[in-house]
Amino acid sequence: MPAEPVNDWSTDYDIFAREYIRDPFPIWDQLRASPCPVARTDRWGGSWMPTRYEDIVTFARDIQHFSSRNVLVADVMPAPDAEEQDLSEEDQRLVQQYDVGAPPITSDPPVHTWARRLLLPPFSVTSVTKLEPETRELCNALIDGFIADGRADGAADYAQRIPPRVIASMLGIPKEMTSTFTDWVRGFLELGLTDPELRQQSGRSIFTFMIEQVQQRKEHPGDDLISYLLGQKVDGEPVPEPHVVGTCFLLLVAGIDTTWSSIGSALWHLAQHPEHRRQLIEQPELIGNAVEELLRAYSPVTMARYVAADVEYAGCPMHEGDKVLMNFPAANRDPSIFDHPDQVILDREKNPHIAFGVGIHRCAGSNLARMEMKVAIQEWLRRIPDFRLEDPHAVTWAGGQVRGPRKMAVVFPS
Ligand code: HEM
């Protein structure tokens, strides 16, 4: 059933409305300029939505009132008791035993502190740099597959295929399963946000797959991230196995459509801006700045917080159990922080963007994401310096939790 159209974005916004997914920027401008800085909706389980940079930073830092125990932007619940009816006894036992969420993103301190610390060494700049040659080779193999055709889908044939293979390589899970991983992650975080059965099914597929992988690594440890996590200790004890499963679940989910969306948006922008393609080709040293600017302008990720105790914020009465959307993408277009926020300025000097979040949950995979974006853009421009969108109106976008192009045909001289 099509959703009711939105008449007032400040009291009834719809993050899944087509116009919002396709072009949210004027809506955020309008909300940011309105007298009440925090918008409200009853749709999709109800939520509050700040759009100003300072407000979002304040929410992110106030971990007493704004918990991470539920970070999904929509709470569309399955039919009553559907979960219990569907699950076998064995599945129910597993769900209880493994009920730790997806640490560290769904944890608050004190668990968050050690859960995050475990991830810092494998995602350091040094560790991630070692994956660069493999990523470059992968990008070139993908380009080899379509360059002679003079056309490709920049989202589906390229951007979408890079992050799942890189994270599969880190976790030591089968690279030939990457399209299955992509389907699961989309089912959980994209299509499943408005389809609770699909979300449950996809979540369960990832979860049972990770349980099996963890069991295998216990018997045959390897040189991979799952074995690394199993070998770590907390307070002198091995990291509990359900925790390892939950973290691996998160890495698969967080590592895939976030980065794929950013690479896709970067290509979408470059396809329409020959002057920026030229600038990057003539000044290759700008790539680091360009990645940051493209992340700012097309930030993909909106997270949520759970109101842990009643609190009033700027006159908004927030009650325990309410949801607040951490609209990092809107913060990154705030004119009080960024000059000409709607312009992409590849050599922008001052760019304190929060595309990776801010505060204790700031993205632990940011070095990896940056490396993947850099390599994907560099290799594309090296091999296909001149390209354009085949039909700008035919591009499709996903949105809600993670925004990025999903179908994006581009053409180029072959
Ligand atoms: C361009 C790509 C990416 C973007 C824009 C992005 C964005 C974010 C954001 C906004 C957060 C903060 C969540 C919050 O405040 O609730 C976050 C957290 C996180 N991200 Fe990313 N992410 C990206 C790629 C990745 C990758 C490739 C990985 C690893 C495979 C990753 C792993 C994580 C983890 C583990 C956290 C949780 C950190 C914590 O709770 O302490 N992300 N990410």
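**View 1. Three helices, H7 (111-119), H15 (241-272) and H19 (366-383), each supply at least two residues of the shell around the ligand.** Helices here are DSSP runs of H or I with at least four residues, strands are runs of E with at least two, and both are numbered from the N terminus. The model is predicted: local features need pLDDT of at least 70, side-chain atom pairs count only at pLDDT 80 or more, and totals for chains, interfaces and linings use all residues. Residues are numbered from 1 along each chain as its sequence is written. In total, 29 residues surround the ligand. A residue belongs here if its C-beta atom, placed from the backbone, lies within 6 Å of the molecule. The closest are Gly-255, Gly-357, Cys-363, Gly-365 and Ala-369. H15 gives the most to this shell, with 7 residues. By type, the shell holds 20 nonpolar, 8 polar and 1 charged. Nonpolar means Ala, Val, Leu, Ile, Met, Phe, Trp, Tyr, Cys and Pro; charged means Asp, Glu, Lys and Arg; the others, Gly among them, are polar.

**View 2. Helix H7 has Ala-115, Leu-118 and Leu-119 buried.** Seen down the axis of H7, its buried residues fall within an arc of 100°, so they line one face of the helix. The arc is that of the directions from the helix axis to the C-beta atoms. Buried means that 20 or more other C-beta atoms lie within 10 Å of the residue's own; exposed means 12 or fewer, and partly exposed lies in between, with C-beta atoms placed from the backbone. The buried residues of H7 pack against helix H14 (225-230) and H15. Contact means C-beta atoms, placed from the backbone, within 7 Å.

**View 3. The largest nonpolar core has 105 residues.** Such a core is a set of buried Ala, Val, Leu, Ile, Met, Phe, Trp, Tyr and Cys residues joined through C-beta atoms within 7 Å. Leu-171, Cys-248, Phe-249, Leu-252, Val-253 and Ala-376 have the most contacts inside it. H15 provides the largest share of this core, 17 residues. Leu-252 touches Ile-167, Phe-181, Val-185 and Ile-206, leaving aside residues up to four places away in sequence.

**View 4. Helix H3 (residues 25-33) has Trp-28, Leu-31 and Arg-32 buried.** Seen down the axis of H3, these buried residues fall within an arc of 100°, so they line one face of the helix. The face turned away from the buried side of H3 carries the exposed residues Pro-26 and Ala-33. Cover for the buried residues of H3 includes helix H1 (9-12), strand E1 (38-41) and helix H18 (328-331).

Conventions:
Contact = placed C-beta atoms within 7 Å.
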